[in-house]
Amino acid sequence: IYFTYNKLFLSMGKLFVISAPSGTGKTSLIQSALKDPMASSSKLGISCTTRDRRAEEIEGTSYFFISDDRFEEKILNNEFLEFAKVFGNYYGTPKDWVLATLEKKENVILELDTQGALQVKARFPEANTIFIIPPSYEDLQKRLEKRNQDTDEVINARLKEAKKEVSIGKSFDRILVNNDFDEALEDLKTLMFTNNDLPRNRKLHAEKSLDLLLD
Ligand code: 5GP
């Protein structure tokens with residue numbers, strides 16, 4: 001059984017699950033990494049969500065925006081690889097698409113919250129989980145304020161949630177710090193497109209930042 005299992009995964013694409021506290025810059029980093037020529041056989045998963053569409057978002061590109069009833073129907077039909085409730089809304093990853101893409105030997109990148117990432121890791125132990133951290137909570141707060149998207153109340157809720165996410169994210173396979181966008185992008189590309197680990201100085205920087213966040 002072990003042999004078959006290994007053989008199966010050797011002939012499939014790689015699965016990456018990326019999480020980060022909200023405001024860390026995860027989406028921009030992933031979007032930039034996907035513009036690299038090395039990303040030609042990597043596909044970003046499109047999730048279903050029950051939250052309202054934001055003005056700049058496109059149905060079927062950013063998310064599939066569906067009703068609560070429809071989402072619950074999909075849960076019952078076992079259509080999700082994982083799902084979670086984040087900030088009061090449902091989010092879920094369509095299972096068939098992920099499996100079909102991996103079978104085509106394409107790499108799949110999922111941008112999930114930490115609960116979803118752990119669910120995927122439990123089902124696919126060979127998934128590569130990557131957690132992106134801010135250099136400090138002060139830095140994260142500044143970024144959330146600069147984004148000008150949320151009220152003070154929402155920013156405080158996001159910071160509180162960030163602490164919970166960090167306590168879960170510390171167990172991910174790889175941790176990288178977004179202190180400087182270009183350096184973090186380089187780190188992400190290294191992990192996604194090569195078989196190398198991060199350079200020693202970058203790894204140390206991430207570990208130090210993580211310690212600070214866990215204090
Ligand atoms: P947003 O509403 O800002 O687009 O996303 C909120 C959070 O939900 C982010 O952390 C995002 O990564 C996460 N998320 C997006 N899609 C999924 C999904 O399919 N499953 C899970 N568990 N989290 C998701």
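Helix H2 passes helix H8 in a right-handed crossing, that is, the near helix is turned clockwise from the far one by less than a right angle. The model is predicted, so that local features need pLDDT of at least 70 and side-chain atom pairs count only at pLDDT 80 or more, while totals for chains, interfaces and linings use all residues. Residues are numbered from 1 along each chain as its sequence is written, and side-chain values use heavy atoms, without hydrogens and water.

Two packed helices are described by the angle between their axes and the distance between the axes. For H2 (residues 26-34) and H8 (residues 181-193), the angle is about 60 degrees and the axes are 10 Å apart.

A second pair is formed by H6 (residues 137-147) and H7 (residues 152-169), whose axes come within 10 Å and cross at roughly 140 degrees. That makes H6 oblique to H7.

The ligand is surrounded by 15 residues, counted if a heavy atom lies within 4 Å. Arg51, Tyr63, Glu82, Tyr91 and Asp113 are the closest. An N or O atom in the side chain of Asp113 is 2.7 Å from a nitrogen atom of the ligand. A polar side-chain atom of Arg54 lies 3.1 Å from a ligand oxygen atom.

Note on methods
Axes are lines fitted to C-alpha atoms, for helices over the stretch in contact, and angles run from 0 to 180 degrees between N-to-C directions. Helices (H or I, at least four residues) and strands (E, at least two) are DSSP runs, numbered from the N terminus. Angles under 35 degrees count as roughly parallel, over 145 as roughly antiparallel, 65 to 115 as roughly perpendicular and the rest as oblique. A polar contact is a pair of N or O atoms within 3.5 Å; within protein, one must be able to donate a hydrogen and the other to accept it, and residues adjacent in sequence count only if both atoms are side-chain atoms.
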